[in-house]
2 protein chains.
Amino acid sequence: MGVPAEKGMATRARILDAAVRLASRDGLEGLTIGSLAEALAMSKSGLFAHFGSKDALQVATLEHAAELVRARAAGVAQAPPGPERLRRVLEVTLDWIDDPELPGGCPITGACIEFDDREGPVREALERLQRATHQRAAELFDAFRHPSRDRDLLAFQFRAIGLAYHHAARMLREPRARAWARSALESLIEQASRPV
Amino acid sequence: MGVPAEKGMATRARILDAAVRLASRDGLEGLTIGSLAEALAMSKSGLFAHFGSKDALQVATLEHAAELVRARAAGVAQAPPGPERLRRVLEVTLDWIDDPELPGGCPITGACIEFDDREGPVREALERLQRATHQRAAELFDAFRHPSRDRDLLAFQFRAIGLAYHHAARMLREPRARAWARSALESLIEQASRPV
């Protein structure tokens, strides 16, 4: 036993890898059971059996993308909490945004723009994932000497760097984008390290 | 004479106001001559006469949106160059992002996500508009005492605040979003004011 379940999981992961790429290129709204079936040369009925609806496919794709980012970030725990860990998380974020496997940039960032004004299960999943990302960013600032600082504000500023990098690197194709992002982080570290 | 031309301009502005709203709600890709004709109860052939193609309509819509932002920002020149002017520009930016006339947020920010990876006239127009916005942001830092600071980096950090506000206010529906954006600007002003 177990093998069929494992095989099912592997198939699901392979399907969702393709779905993440498709959502990056066409936007999450462009990801449908039909477009995914075509990309994978699978039957629509086979994909329906996996996901049941377009909404469920979109939510599963977002969760899979978030899982991929978390897996890449797993190694940052080797760095001591504080500035060094923040620098590592930033590099993981920038590498993710630059990943050639994501032809249209981070599919989660794209989905936020598409779905921020639409009620429903996709928006709910996105808000949950984005709140969790904010929370993890806030925790990265717990190691600083001045815990009276507003860590939610620091998390907002940290996330701002990733969003601005996405814009500068992908929209402006600005060669200095990574240098700017790193310098912005050093300023933020300095700010977080000073007494309030 | 002149009246027909003025009337034509007024009609064009009215059409483009509607196009900006539509692009905010549906994304710039969702803005077509057909969808706009429906929203305005105009004929598709009439709109074709104004714009000629979907690409040209999309470019005209982006330029109109940028023009609307610039018109709102015109008053900031009353504030002295430096921190006070920066604060005013930030407020104009946040008000624009919150505008109930933009049901899906800033159509230019949305278009950047949609078009950053697609070659063509729309991307070219966007990059030109975004480079101009970056340039204007960089000039806002000329008034600071330490011109040796990298004003392009400061412009990157300033624009990061707007992008993060768009995300926090619209996606997270975070009540503290405006307070965070204002605090982030104060930190940036402090950074720009200190010797390198």
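A:Cys106 is buried, with a relative accessible area of 7%; buried means under 20% relative accessible area, exposed over 50%, and partly exposed in between, with a 1.4 Å probe and protein chains only. This is a predicted model, in which local features need pLDDT of at least 70, side-chain atom pairs count only at pLDDT 80 or more, and totals for chains, interfaces and linings use all residues. Residues are numbered from 1 along each chain as its sequence is written, chains are lettered from A and ligands numbered from 1 in the order in which they are written, and side-chain values use heavy atoms, with hydrogens and water left out.

How many disulfides are there over all chains? The count is zero, a disulfide being a pair of cysteine sulfur atoms within 2.5 Å. The cysteine sulfur closest to that of A:Cys106 belongs to A:Cys112, at 7.8 Å, which is too far for a bond. In chain B, the sulfur of B:Cys112 has its closest cysteine sulfur in B:Cys106, at 7.8 Å, again too far for a bond. B:Cys112 is buried, at 4% relative accessible area.

I turn now to A:Leu86, which lies in helix H5 of chain A, residues 83-98; helices (H or I, at least four residues) are DSSP runs, numbered from the N terminus. A:Leu86 is buried, with a relative accessible area of 0%. Beyond four places in sequence, its contacts (heavy atoms within 4.5 Å) include A:Phe141, A:Phe144 and A:Phe158.

Finally, B:Ser24 sits in helix H1 of chain B, residues 3-26, and is buried at 6%.

Notes. Helices (H or I, at least four residues) and strands (E, at least two) are DSSP runs, numbered from the N terminus.
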